[in-house]
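Please keep the sequence and the three-dimensional view at hand while reading.

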Amino acid sequence: AGLGAGFYFWERRASEPIVELALLRARAVWAPLLTTFLYGLCNFAITFMIPLFSLVVRGTGAVEAGLGLMPLTLGLLLSGIVVGRLASTTQRYRRYAMGGLVVYATGLLLLSTTGPETPRSVYWGYSLVLGLGSGPLNPVLIASLQNAVAERHLGVASSLPGFARAVAQTIGSSALGALLGLRFAAHLRSD
C-alpha cells in the first residue's frame, strides 16, 4: 500500500509520467485492469495448487501431478484461440471477458468440491473447465484496453495488464503460501 501511494504521488508530480493517471479514471481502463489483477491472484495460485493437491491429497506421483495441469493448459489454449479470433472479427470484447469469467469461476467452484475420492477424469474435467474460462481473459482484456486509449497510450495500455498480473501473482502466491503454512502447522500440532 505504501509503495502504491508513493507511486501515485511520484506520477502526479512527474513531468513525463510512466502512467498518466487520467487513464486510470476511465472505466474502460480500470475495469480490465482490476479484472486482470483478480484473475492473476487466482490463476498463479491455481498452477501451484493443482499439482500440490494431486501430490498431497490424492497421493499421486510427480508425473501425474504435473499432468494435472494439462487439461487446464489445453482449455486455455483452445479457448484463447477461438475467442481471440471471434473478438477480433466482431470487435465485441465485453461478452467474451464476462463469459470467460463465468466459466473460470465455475471451474474454481467445481475444483473446490474435489477430494481424495474424486476420480481423475472428473478432476481433469474440472481443470479443463477452468482452462476454458481462463483462455479468453488475457487477449480480450488487453485488446479492450488497447481500443479504449488514444494511440499515443498504446504502449502503456499494453503493458499495464502484465504489471497488474505480476503484482497480483506475487501477492496471491505469498498469501497462499502463508495460508498453507498456517494450515500445515495447525495440522502438524493436532497430530
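Which residues touch the most other members of the largest nonpolar core? The answer is given below, after a short account of the model.

## Basis of the model

The model is predicted: local features need pLDDT of at least 70, side-chain atom pairs count only at pLDDT 80 or more, and totals for chains, interfaces and linings use all residues. Residues are numbered from 1 along each chain as its sequence is written, and side-chain values use heavy atoms, with hydrogens and water left out.

## The chain as a whole

The protein chain holds 8 helices and 0 strands, where helices (H or I, at least four residues) and strands (E, at least two) are DSSP runs numbered from the N terminus. Its pattern along the sequence is therefore written α-α-α-α-α-α-α-α. The C-alpha trace spans about 60 × 45 × 25 Å along its principal axes.

Of the 191 residues, 34% count as buried; buried means under 20% relative accessible area, exposed over 50%, and partly exposed in between, with a 1.4 Å probe and protein chains only. The chain exposes about 11,400 Å², of which carbon and sulfur atoms supply 68%; accessible areas come from the Shrake-Rupley method with a 1.4 Å probe, and for residues only the protein chains shown count as cover. Among contacts (heavy atoms within 4.5 Å) between residues at least 6 apart in sequence, 72% join residues at least 24 apart.

## The nonpolar cores

The largest nonpolar core has 18 residues, and L130 and V140 touch the most other members. Such a core is a set of buried Ala, Val, Leu, Ile, Met, Phe, Trp, Tyr and Cys residues joined through side-chain atoms within 4.5 Å. At least two residues of this core come from each of α2 (27-56), α4 (70-90), α5, α6 and α7 (137-148). Another core, of 9 residues, lies apart from it and includes L33, L145, V149 and L160. In soluble globular proteins, nonpolar side chains tend to be buried together.

Leaving out residues up to four places away in sequence, L130 touches I46, L72, Y104, G107, L108 and L111. The C-alpha atoms of L108 and L130 are separated by 6.4 Å, although the two residues are 22 apart along the chain. Beyond its neighbours within four places in sequence, L108 contacts C42, I46 and L130. Is L108 buried or partly exposed? With a relative accessible area of 26%, L108 is partly exposed.

## Buried residues within helices

S127 belongs to helix α6. Its relative accessible area is 0%, so S127 counts as buried. Neighbours within four places in sequence aside, S127 is in contact with I50, G68, P71, L72 and L111.

A168, in helix α8 (residues 154-190), is likewise buried, with a relative accessible area of 0%. Its contacts, apart from neighbours within four places in sequence, are F37, G40 and L41. The C-alpha atoms of A168 and L33 are separated by 11 Å, and these residues are 135 apart along the chain.

N43 is placed in helix α2 and is buried, with a relative accessible area of 13%. Which side chain makes a polar contact with the side chain of N43? The partner is Y104, at 3.2 Å; a polar contact is a pair of N or O atoms within 3.5 Å, and within protein one must be able to donate a hydrogen and the other to accept it, while residues adjacent in sequence count only if both atoms are side-chain atoms. When neighbours within four places in sequence are set aside, N43 is in contact with Y104 and S134.

## Two residues in loops

T114 is found in the loop between α5 (94-112) and α6 (120-134). Is T114 buried or exposed? T114 is buried, because its relative accessible area is 13%. A polar atom of the T114 side chain lies 2.8 Å from the backbone oxygen of L111. Not counting residues up to four places away in sequence, T114 touches F53, Y123 and Y126.

Q91 is found in the loop between α4 and α5 and counts as partly exposed, at 47% relative accessibility. Its phi is near 60°, a positive value in a residue other than glycine. Most residues other than glycine have a negative phi.
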